[in-house]
Amino acid sequence: MADASARPEGGKGRVVMCVLGAPGAGKTSQCKTAAEQLGYAHLCVGQLLKLERESGSSDSSEIAACMKAGTLVPTPTVLRVLQRHLEQSTGPVLLDGFPRVVDQMDKLSQMGDVQSVLFLDCKETVLRERMDKTDCDDEVALIAQFTDYCLPVLDLYDKQGLVQVIDASASPEDVQSSIQSKLKALTSDSGVASPAPEPA
């Protein structure tokens, strides 16, 4: 059985579990907790892009402009940032908020083995209530952006039998329990060595 702590060469052998959901669904906080407790590497694409924006790199001005305008960062730019962090990660990856659009799916398949997609499905009324508390400028537009771009991604993954739906309108504790249960089952079913949790 392969050593899950080993860093794979390129995308070969890199186990990826995607976590998708609309803004306000709780992806990042839930992924952070699950990754810490189950020993996954957690990569939040939104956070990575924000860090890149502040880094002063060659991509930072483009990322800043897109974020200011409320538009999606172009796929080639996102992929450059993500690839670098994937190469630095070890073990299976909990990929938070990616792929966001259909044309990113093939690229991701070259960067790792997507074994499952967890969809944090949340009622729009709950999403808007949560986003109101974060001083979001236009929660309706952000939810619409997710509907337009990311739902087609979920539809395609669903046709491949990869989507697992989690009710993200439930309490944070219940959502976390569902995520961990599904990840443990997926790891067991796939035959991948269970990742080792980080030492306390």
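Modeller: This is a predicted model. Helix 2 packs with helix 4, residues 75–88, at an angle of about 100°. Their axes are 10 Å apart.

Colleague: Which residues make the contact?

Modeller: From helix 2, Val45, Leu48, Leu49 and Glu52. Helix 4 brings Val78, Val81, Leu82, Arg84 and His85.

Colleague: And how do the residues of that contact divide?

Modeller: Six nonpolar, one polar and two charged.

Colleague: Staying in helix 4, is Thr75 buried or exposed?

Modeller: Thr75 sits in helix 4. Its relative accessibility is 12%, so Thr75 counts as buried; the cut-off is under 20%.

Colleague: What does Thr75 touch?

Modeller: Leaving out residues up to four places away in sequence, Thr75 touches Val101, Asp103 and Gln104.

Colleague: New topic, pockets. How much space lies in the largest pocket?

Modeller: About 1,400 Å³. Its lining takes in 42 residues. Pro23, Gly46, Lys50, Arg100 and Leu142 lie nearest the centre.

Colleague: Which elements give two or more residues to that lining?

Modeller: Strand 1 (15–21), helix 1 (27–38), helix 2 (45–55), helix 3 (60–69), helix 6 (124–132) and helix 7 (139–149).

Colleague: Which gives the most?

Modeller: Helix 2, with six residues.

Colleague: How many of the lining residues are charged?

Modeller: 10 are charged, alongside 19 nonpolar and 13 polar.

Methods
Residues are numbered from 1 along each chain as its sequence is written. This is a predicted model: local features need pLDDT of at least 70, side-chain atom pairs count only at pLDDT 80 or more; totals for chains, interfaces and linings use all residues. Side-chain values use heavy atoms; hydrogens and water are left out. On a 1 Å grid over the protein atoms alone, a cavity is a set of points where a 1.4 Å probe fits but cannot get out, and a pocket is an open set with protein on both sides within 12 Å along at least five of seven lines; lining residues have an atom within 4 Å of a point. Grid points are joined across faces, edges and corners, and a volume is the space filled by probe spheres set on the points. Helices (H or I, at least four residues) and strands (E, at least two) are DSSP runs, numbered from the N terminus. Ala, Val, Leu, Ile, Met, Phe, Trp, Tyr, Cys and Pro count as nonpolar, Asp, Glu, Lys and Arg as charged, and the others, Gly among them, as polar. Axes are lines fitted to C-alpha atoms, for helices over the stretch in contact, and angles run from 0 to 180 degrees between N-to-C directions. Contact means heavy atoms within 4.5 Å. Buried means under 20% relative accessible area, exposed over 50%, partly exposed in between (1.4 Å probe, protein chains only).
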